[in-house]
Amino acid sequence: VIHGYCTEAMSQLSQLSGEELLAALAQLWEKNTILVFWMQRVFQYLDRFFTKSSSEYPDLFRAALQCFTDTVYTKVKDKCVAAMVDVVNRERDGYEINQDVLRLLVEMLCTVGDSGPKVVKQKEGDRNSADRLFWQSQSRGLYKEHFEVLLLAATRDYYKSKVAGWMAAYSCPVFLQEIQRRLEDEESRLSRYLDSSSEKELKAVVQHELILQTAKELVEMATGAHSMFV
């Protein structure tokens with residue numbers, strides 16, 4: 001059932017790119033999560049008394065995730081990850097993006113490749129809010145290997161190119177305000193849709209490009225600290 005569903009969806013995904021691909025893939029991941037959850041409920045007897053004691057057959061969650069990985073993820077991951085990085089940079093440039101789509105795809109990346117995944121039900125927000133199904137993994141899946149590495153490289157390039165223009169156009173006080181705003185933006189990004197495991201690495205890259213690489217030039221600017229003592 002899951003293989004057939006993913007195969008049919010893949011025929012449509014293969015024709016998409018960019019944000020259209022991301023939206024369609026996020027929708028597939030969300031619907032597939034619902035399908036897997038209820039199938040496991042129906043066949044939970046097998047999971048409890050057959051696959052649990054079998055080294056040959058994986059439980060339904062692992063089998064379903066492997067099916068999704070083989071049928072969908074491995075075929076679209078390169079286009080997906082590249083498009084995700086592009087969307088993050090678009091938001092950095094001030095454009096509105098679909099954060100829900102990115103949150104779902106980050107969940108997907110943190111789940112694919114995990115050895116003990118399961119789908120759980122949990123309320124979002126207060127007790128009156130609707131239940132949400134999501135994958136719970138023991139590791140970060142392929143998030144760091146397939147996405148974070150590219151995100152950090154793209155972040156480094158993005159700020160390196162921006163800094164050159166800011167140094168030419170801004171006074172020292174305005175430049176420092178821009179740095180503060182960008183640091184706050186990245187902090188917000190981590191809480192809104194990126195995985196928290198990226199915090200240390202992402203902050204290190206941003207601080208290196210915005211602070212460490214510009215400190216000497218800022219001090220020597222006509223409106224910088226050096227001019228105050230001349």
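Colleague: What does helix 8 reach from its first C-alpha to its last, next to the span expected at 1.5 Å a residue?
Modeller: Keep in mind that this is a predicted model. Helix 8 runs over residues 199–212, which makes 14 residues. At 1.5 Å a residue you'd expect 20 Å, and the helix comes close to that, reaching 18 Å.

Colleague: Which residues of helix 8 are buried?
Modeller: Buried here means under 20% relative accessible area. In helix 8 that picks out L202, V205, V206, E209 and L210.

Colleague: Why do the buried residues of helix 8 line one face?
Modeller: An α-helix has 3.6 residues a turn, so residues three or four places apart point the same way. Look down the axis of helix 8 and its buried residues line one face, because they fall within an arc of 105°.

Colleague: Which exposed residues sit on the face of helix 8 turned away from the buried side?
Modeller: The buried side is taken up with packing against helix 4 (60–92), helix 6 (143–169) and helix 7. Exposed takes over 50% relative accessible area. On the face turned away, the residues that carry that label are K200 and L212.

Colleague: OK, pockets. Which element gives the most to the lining of the largest pocket?
Modeller: That pocket holds about 360 Å³ of space and is lined by 17 residues, with V106, E107, C110, R140 and D195 nearest its centre. Two or more lining residues come from each of helix 5 (99–111), strand 2 (131–136) and helix 7 (172–192). By class the lining splits into seven nonpolar, five polar and five charged residues. The top contributor, with five residues, is helix 5.

Colleague: And the second largest pocket: which element gives the largest share of its lining?
Modeller: Its volume is about 240 Å³, and the lining has six nonpolar, two polar and two charged residues. Among the lining residues are Y5, L16 and K31. Helix 1 (2–13) and helix 2 (18–42) each give two or more. The largest share, five residues, comes from helix 1.

Notes: Residues numbered from 1 in each chain as written. Predicted model: local features only at pLDDT ≥ 70, side-chain atom pairs only at ≥ 80, totals over all residues. Heavy atoms only, no water. 1 Å grid on protein atoms, 1.4 Å probe; cavity = no way out; pocket = protein on both sides within 12 Å on 5 of 7 lines; lining within 4 Å. Points joined across faces, edges and corners; volume = space filled by probe spheres on them. Helix = DSSP H or I, 4+ residues; strand = E, 2+ residues; numbered from the N terminus. Nonpolar A, V, L, I, M, F, W, Y, C, P; charged D, E, K, R; others polar. Expected span 1.5 Å × (residues − 1). Buried < 20%, exposed > 50% of the residue type's maximum accessible area, 1.4 Å probe, protein only. Arc of directions from axis to C-beta. Contact = heavy atoms within 4.5 Å.
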